[in-house]
Amino acid sequence: MTTTDPFPPPDPDGWIPDIAAALEAAEVVDLDKARTRRVDPDQPTTNTDDTPDGDSDADEDAESLTARPEQVGPPVDPPDHDGPRPVGGQRRVPVLPAWAHSRADIVATARHAAGNAGYVLRFHAVRTPKYAAKVAVWAPIGFLRTLARLLRWATAEEGNWGLRQDAARRNDPETWLKLDRQRQRQTSVRWPILIAGSTAALVAAAVVWFGPTPAPVRWLAFLAVVVACARLGRPADRPITDRVSAGETYRKLTAELVRRALTSLGIAGINSAVAKNPGAISFPVEIHRDGPGHLAIVDLPYGVEAGEVIARRGRLASGLRLPLDQVWPDPAPGHTGRLALWVGYQPASQMRQPAWPLIRSGSVDVFKPFPFATTPRMNVVTVSLIFRNWLFGGQPGSGKTFALRLLVLAAALDPRVEIRGYELKGVGDFAGTAPVLSEYGNGFDEDTLEACAAMLKWLYDECRRRSERIAFYAAAGEAPENKVTPELASLKGSGLHPLVAFIDEIQELFHSPWGKEAAEYAEKVIKLGRALGVTLLIGTQIPDKDSLPPGITRNVNSRFCLSVADQVANDMILGTSMYKQGYRATVFEPVVEAGWGILAGFGKPSADRSYPVTGPELDRVIARAVELRTAAGTLPTPAEQTRTTAPAADVVVDVAAVWPAGEDKTWNETLCARLADLRPDVYGGWESAQLTAALKPHAITPVDVGRRIDGKAVTRRGISHAAILAVIAERDRKRRAN
Ligand SMILES: Nc1ncnc2c1ncn2[C@@H]1O[C@H](COP(=O)(O)OP(=O)(O)OP(=O)(O)O)[C@@H](O)[C@H]1O
């Protein structure tokens, strides 16, 4: 049966039903025929429109099924006003509206309102000259028009004059005289009122203008009068201000919009169910405001899983006509066919993320959760370090180093935690945290890689030592479950204080000659260390099986997958079939959406953005961590600290940076002087021999460079530009190959 809906679907762009079009489309219904056509309420409605993606939101609107006895939840689109609704039935309206449920929600709503107000203000501010011109033209007209109206009112001729003329035409002097007397009576009252009113207005104006009124008040009053005159003088169809036609790219989430988007996904289960029964997609709760956006809880047709929709997030966003990062589908609690679709007021990339709450104050207890990221709704996501191992994966520029470093900063704020780590990229991303690190290495030279592998072996030995200690305390009844407890972690001399070790860009290690052995130790540490207070944090940009052995990926219990290029990388980091289930970090763009990733291991996986802490903020956190550790007596002294490489100076890159333009060979001493200017703390006082020694590990050999000085030929030690460029090119090639 095909029925003609007299009311077409709302205009998808404006969401205002086109009433004229609806009236045109209306047809006269023969009631008798319509009654015989009426469906047996117990029979499912059939639809001959068998195109799965047909114009379903026009013909198959569950909300218009008034004849159906089945009640599919409460109304899905609440009215725009927040007026009282009847209480009773099966569901009670929450006492507080959804936007007032938490401080974060209130702040988000207020921020959204303030953002809108700001937009309107800016909109009008740039048009001020245009408004001023309009006011200048219309104000005198309005003034004269008002004057004429007042005079007309005082003479009381309006209406009366016409009636008197009529009486005169009918030769009815009695009526004429009566009307004239009435006019005279009215004018005798109105003229004094007008004269007194005008005088009072003039006096008030003079007082305001010439009196002791502050200048801003005076000008405001003048402006108010002028604008009022302009309003009275403007043509009825020409407002002074322009209409604010469009603000942000936000549109209210409605059931119709959700239904259209879901039916456009091409999921056979949804389309066939909706074709048979338009109420197959239902909304158990009203669509409501939730933080800085709207939330729709959707019950999908029987047999369709929320994961199937989540996996098609891009198509869903297309169906909603919104940017991808404004549309956040998630599985909802209840059953697997329940979807929580949250649509933000703005794309997430345009929302301002609050600062990490621990930058200014506070410490961390690694046995308790601490803030790590925010959700698209700007809710805080907390994570923990103890009894966990972490894997961070993502392509270059996805923000994995920042995310990993955030955990190191959190660990630094718990003075009990011993921290050791290596960054194998060699750019000094962790150099700022060095004061609190017991062991630190930076670089991808052989010494650093060997030291990093040695740290993993040391961690494994430490795990063995710790397991003996745990056995001892368990026997004494102090380690229930044979795990480190907060008491044991705090007990000086227990040897069971929390230990956090990090390795960023670990693929460099696994590809090195120490890779095989290191992978074995890493896997053992991950398996053994968890209960013993040893936490390993790993970051990698190449999650294939050579760069990240499966034994490691299988055993880590906390994962943060930032932007990745493909399904394989996604599932290597998050675990098998996560991509299929709809957890796809491929949707994030590197750099643009840096810091966004799928966090798994803390309940339901979710898309979150880690807090970026860098520069002075990072220094601030480390300064506080140093204070805490000094007070607790756990700050590693320089003598205790192991440093395998000079921090954060890559001599090859630095030589390339200071190379004199246009020269293909240059003296070492020229370079040393320039290097000292670039980084006085690292290269200050370097001489030619030192530079030669520093470049030797990179296979850059010195050459003799001849110059003419004061007419004499002088030959000294130098370097060829080509050698430097070759080393850099080789590094780039290796990185790309990785
Ligand atoms: N949570 C975040 N929020 C906003 N911007 C971020 C965030 N994390 C990182 N960024 C930005 O992304 C840039 C790259 O971050 P990061 O160095 O952590 O990436 P990466 O994945 O380690 O890349 P690479 O492997 O190239 O070093 C940073 O310089 C920073 O500007």
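I looked up which residues of helix H19 (residues 567–574) are buried, and found Ala569, Asn570, Asp571, Met572, Ile573 and Leu574. I count a residue as buried if 20 or more other C-beta atoms lie within 10 Å of its own, as exposed if 12 or fewer do, and as partly exposed in between, with C-beta atoms placed from the backbone. Helices (H or I, at least four residues) and strands (E, at least two) are DSSP runs, numbered from the N terminus.

I note that the model is predicted, that local features need pLDDT of at least 70 and side-chain atom pairs count only at pLDDT 80 or more, while totals for chains, interfaces and linings use all residues. Residues are numbered from 1 along each chain as its sequence is written.

Since 6 of the 8 residues of H19 are buried, I record that the helix is largely enclosed by the rest of the structure. After H19 comes Gly575, with a positive phi near 115°.

S17 runs antiparallel to strand S18 (residues 712–720), joined to it by 7 bridges, and two strands pair if DSSP finds at least two bridges between them. Within this pairing I found Val705 opposite Arg716, and Gly706 has Thr715 as its bridge partner. The two strands form a hairpin with 2 residues between them, and Asp710 in the turn has a positive phi of about 50°.

Last, I traced an open sheet of 3 strands in the order S16-S18-S17, with antiparallel pairing. Strand S16 (665–667) and S17 stand at the edges with a single partner strand each, so one side of each is left without a neighbour in the sheet.
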